[in-house]
Amino acid sequence: MITGRTVVAGVAGQPVAHSLSPVLHNAWLAAAGLDGVYVAFPLARDGFERFARGLQGGAVRGLNVTVPFKEAALAVADGVSEIAQRSGAANVLTFEADGRILADNTDGLGLLQAFAVQAPAWEPAGGPVVVLGAGGAARGAVAALLLAGAPKVFVINRTHAKAEALARTMGSRAVAMPMSDAPRAFAQATAVINATSAGLSGEGDLDAPLGATDDRCVVMDMVYRPLETPFLKRARALGRTTVDGLEMLIGQARPSFETFFGEPPPADVDVRALALAHMETTR
Ligand code: ATR
């Protein structure tokens with residue numbers, strides 16, 4: 001029931017109608033018996049700052065922020081967490097009563113949590129990791145892996161100059177590798193993470209030498225529509241342990257929920273099953 005005390009949070013994006021975040025958060029709210037609601041806010045492409053400024057003061061407790069507003073979310077904030085700063089983007093904003101806007105980024109936690117669930121034997125500090133891509137998603141992944149203790153992160157991207165630019169801002173443990181050196185990087189990697197948008201909505205597979213990976217290498221794709229991308233399918237056919245983008249989405253949502261509603265989400269809700277069922281109906 002919506003009351004006069006209902007705490008409001010939501011997700012801002014464009015497009016956002018197919019977002020799974022309202023499904024996850026509202027299932028947790030219902031199970032926890034909390035007086036809260038979580039809605040989607042579709043914004044005009046140039047409308048993020050105006051919208052966020054309008055929420056100053058906390059009538060809406062907080063926002064998750066998705067494509068294409070994660071950089072704008074960082075820019076509008078008065079206080080920024082270390083990981084959001086390093087990621088160059090924010091996926092969580094909270095609106096304080098005094099008018100301040102605070103930015104955080106839980107995508108990296110989501111990434112690590114997804115590995116913890118689907119590849120529990122893997123450790124970030126256990127060896128080099130390959131990140132494919134050099135956009136915003138890749139930047140967040142590299143920042144989180146370095147903070148978690150990865151001794152080396154190889155950044156490989158179709159446009160090599162962008163990989164170099166990303167690695168330069170991340171310190172000496174991030175190293176840009178040209179595509180031609182990918183087999184060498186893959187052979188050393190304890191994990192290969194696809195942070196490109198290839199594979200999204202049935203796009204083709206990446207030209208990535210997965211066959212060069214060690215048997216124990218874990219392969220992850222951040223894309224979750226489809227759940228099993230061509231890249232993950234190929235990894236699974238090679239016998240590699242795989243981690244999917246849906247588990248990462250759930251992993252970033254958990255700490256967001258706690259920020260907005262003041263307690264961790266209840267553990268006994270199978271939000272993955274709910275999300276999968278929802279994906280079926282919105283294909
Ligand atoms: P995001 O914010 O999701 O990271 P982005 O900033 O647009 O999105 O970055 C998309 C990334 O996916 C880029 O690294 C892009 O490579 P380029 O820098 O060469 O453009 C990568 N990408 C997209 N489609 C790809 C494909 N079919 N093959 C390889 N890389 C691809």
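Helices (H or I, at least four residues) and strands (E, at least two) are DSSP runs, numbered from the N terminus. The model is predicted: local features need pLDDT of at least 70, side-chain atom pairs count only at pLDDT 80 or more, and totals for chains, interfaces and linings use all residues. Residues are numbered from 1 along each chain as its sequence is written, and side-chain values use heavy atoms, with hydrogens and water left out.

**Backbone features**

Most residues other than glycine have a negative phi, and most peptide bonds are trans. Pro15 lies in the loop between strand E1 (7-13) and helix H1 (21-32), and the bond joining Gln14 to Pro15 is cis, with omega about 0°. A cis bond also runs from Val67 to Pro68, with omega near 5°; Pro68 sits in the loop between strand E3 (62-65) and helix H3 (70-76). Just after H9, Gly239 has a positive phi of about 90°.

**Helix pairs around H10**

Two packed helices are described by the angle between their axes and the distance between the axes. Axes here are lines fitted to C-alpha atoms, for helices over the stretch in contact, and angles run from 0 to 180 degrees between N-to-C directions. Contact means heavy atoms within 4.5 Å.

| Pair | Angle | Axis distance |
|---|---|---|
| H5 (residues 107-118) and H10 (residues 245-261) | about 125° | 7 Å |
| H10 and H11 | roughly 125° | within 11 Å |

Angles under 35 degrees count as roughly parallel, over 145 as roughly antiparallel, 65 to 115 as roughly perpendicular and the rest as oblique. H5 and H10 are therefore oblique to each other. Their crossing is right-handed, a term used where the near helix is turned clockwise from the far one by less than a right angle, left-handed being anticlockwise. On the H5 side the contact is made by Asp107, Leu109, Gly110, Leu111, Gln113, Ala114, Val117 and Gln118, and on the H10 side by Glu247, Met248, Gly251, Gln252 and Pro255. These residues divide into six nonpolar, five polar and two charged, where Ala, Val, Leu, Ile, Met, Phe, Trp, Tyr, Cys and Pro count as nonpolar, Asp, Glu, Lys and Arg as charged, and the others, Gly among them, as polar.

H10 and H11 are likewise oblique to each other, and the crossing of H10 and H11 is right-handed. H10 contributes Leu246, Glu247, Ile250 and Arg254 to the contact, and H11 contributes Val271, Arg272, Ala275, Leu276 and Met279. By class, this contact has six nonpolar, no polar and three charged residues.

Buried means under 20% relative accessible area, exposed over 50% and partly exposed in between (1.4 Å probe, protein chains only). In H11 (residues 271-281), Val271, Ala275 and Met279 are buried. They cover an arc of only 80° around the axis, which puts them on the same side of H11; the arc is that of the directions from the helix axis to the C-beta atoms. The face turned away from this buried side carries the exposed residues Glu280 and Thr281. H1 and H10 are among the elements covering the buried residues of H11.

Leu24, in helix H1, is buried, with a relative accessible area of 0%. Beyond its neighbours within four places in sequence, Leu24 is in contact with Leu249, Ile250, Ala253, Val271 and Ala275.

The buried residues of H9 (residues 230-237) are Phe231, Leu232 and Ala235. Seen down the axis of H9, they fall within an arc of 95°, so they line one face of the helix. They pack against strands E7 (129-132), E10 (191-194), E11 (218-221) and E12 (241-243).
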